[in-house]
Amino acid sequence: MNSVITFDVSSNLENLVREQMRATGYYIAWDSTSTPDKKTIYLPHNMVWKPNTESQQALSDIQQAIAIINQRRAAGDQIRLLRCVILNSTPWRAVYGEPIQS
C-alpha cells in the first residue's frame, strides 16, 4: 500500500518535517501516468507519501522524523506533532498545482 500522511506540527514548521521525511524516502509529489503529458502532482505543504508502506510504519516514521528534528533544536524550541492522519491509498486522484516554495 501507499501511505499518505497529512499532519500539523507546532510553530507551523511542517516544512522541516517534510524535508526530514524526504530524507527517509517519502515524496512530496508524483508524476501522473494517466495523462499523455505526464504532469507532476504536488502535495499540499503538510503532506507526504511513500509507496509500499503500511500505516503503522508511516506513523512511526513521522514520530521518528520529529524526534530527529528536535535533537537539533533547543529544549524550549521543540516541535510537537499536533495531529496526523495516515491513509493507505491507491489509486490516486488529484488536482494539479504548483510546487510549494520553502
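Trainee: I would like to start with the sheet in this model. How many bridges join strand 1 to strand 4?

Mentor: There are 4 bridges between strand 1 and strand 4, and the two run antiparallel. Note that this is a predicted model. The general idea is that strands of a sheet pair through backbone hydrogen bonds, in either a parallel or an antiparallel arrangement.

Trainee: How many bridges join strand 1 to strand 5?

Mentor: Strand 1, made of residues 3-9, is joined to strand 5 by 7 bridges, and these strands run antiparallel. Two positions can be picked out by eye. Ser3 stands opposite Asn88 in strand 5, and Ile5 stands opposite Ile86 in strand 5.

Trainee: In what order do the strands lie in the sheet?

Mentor: The order is 4-1-5, in an open sheet of 3 strands with antiparallel pairing. Strand 4 (47-50) and strand 5 (81-88) are the edge strands, since each of them pairs on one side only. From one strand to the next, the twist averages 20°.

Trainee: How many residues of strand 1 are buried?

Mentor: For strand 1 the count is 5 of its 7 residues, so the strand is mostly covered; a residue is called buried under 20% relative accessible area.

Trainee: Which strands do the helices lie across?

Mentor: Take the helices one at a time. Helix 1, residues 14-23, lies across strand 1 and strand 4, and runs at about 150° to strand 1. Helix 2, residues 55-71, lies across strand 1, strand 4 and strand 5, and its angle to strand 5 is about 150°.

Trainee: Which residues is Gln20 in contact with, leaving aside its neighbours within four places in sequence?

Mentor: Gln20 belongs to helix 1. Beyond those sequence neighbours, Gln20 is in contact with Ala65, Ile68, Ile69 and Arg72. Is that residue covered or open? Gln20 has a relative accessibility of 13%, so it counts as buried.

Trainee: Now the rings. How many aromatic pairs does the count come to?

Mentor: In general, a pair of aromatic rings is described by the distance of the centres and the angle of the planes. Here the count comes to 2 aromatic pairs. In one of them, Trp30 and Trp49 stand edge-to-face, with 6.4 Å from centre to centre and 80° between the planes. This pair links distant parts of the chain: Trp30 is in strand 2 (residues 29-31) and Trp49 is in strand 4, 19 residues apart.

Trainee: Is Trp30 buried or exposed?

Mentor: The relative accessible area of Trp30 is 13%, which is under the 20% limit, so Trp30 is buried. Trp49 comes to 11% relative accessibility, so Trp49 counts as buried too. With Tyr27, these residues form one aromatic cluster: Tyr27, Trp30 and Trp49.

Trainee: What is phi of Asn12 near?

Mentor: Phi of Asn12 is near 55°, a positive value in a residue other than glycine. Asn12 sits in the loop between strand 1 and helix 1. Its relative accessible area is 64%, over the 50% limit, so Asn12 is exposed.

Trainee: What about Asn52, where is its place?

Mentor: Asn52 is in the loop between strand 4 and helix 2. Its phi is near 55°, again a positive value in a residue other than glycine. At 71% relative accessibility, Asn52 counts as exposed.

Trainee: Finally, the whole chain. How many helices and strands does the protein have?

Mentor: The protein has 2 helices and 5 strands. Read from the N terminus, the elements run β-α-β-β-β-α-β. The radius of gyration is 14 Å, close to the 13 Å that the globule rule gives for 102 residues, so the protein is as compact as a globular protein of that length. Its C-alpha trace spans about 50 × 30 × 20 Å along the principal axes.

Trainee: What share of the 102 residues counts as buried?

Mentor: The share is 34%. As for surface, the protein exposes about 6400 Å², and carbon and sulfur atoms supply 50% of that area. Contacts can be sorted by separation in sequence: among those between residues at least 6 apart, 74% join residues at least 24 apart.

Note on methods:
Residues numbered from 1 in each chain as written. Predicted model: local features only at pLDDT ≥ 70, side-chain atom pairs only at ≥ 80, totals over all residues. Heavy atoms only, no water. Pairing = 2+ DSSP bridges. Axes fitted to C-alpha atoms, helices over the stretch in contact; angles between N-to-C directions. Contact = heavy atoms within 4.5 Å. Rg over C-alpha atoms; globule rule 2.2 N^0.38 Å. Buried < 20%, exposed > 50% of the residue type's maximum accessible area, 1.4 Å probe, protein only. Areas by Shrake-Rupley, 256 points an atom, 1.4 Å probe, with all protein chains shown as cover. Phe/Tyr/Trp six-rings, centres within 6.5 Å; stacked < 30°, edge-to-face > 60°.
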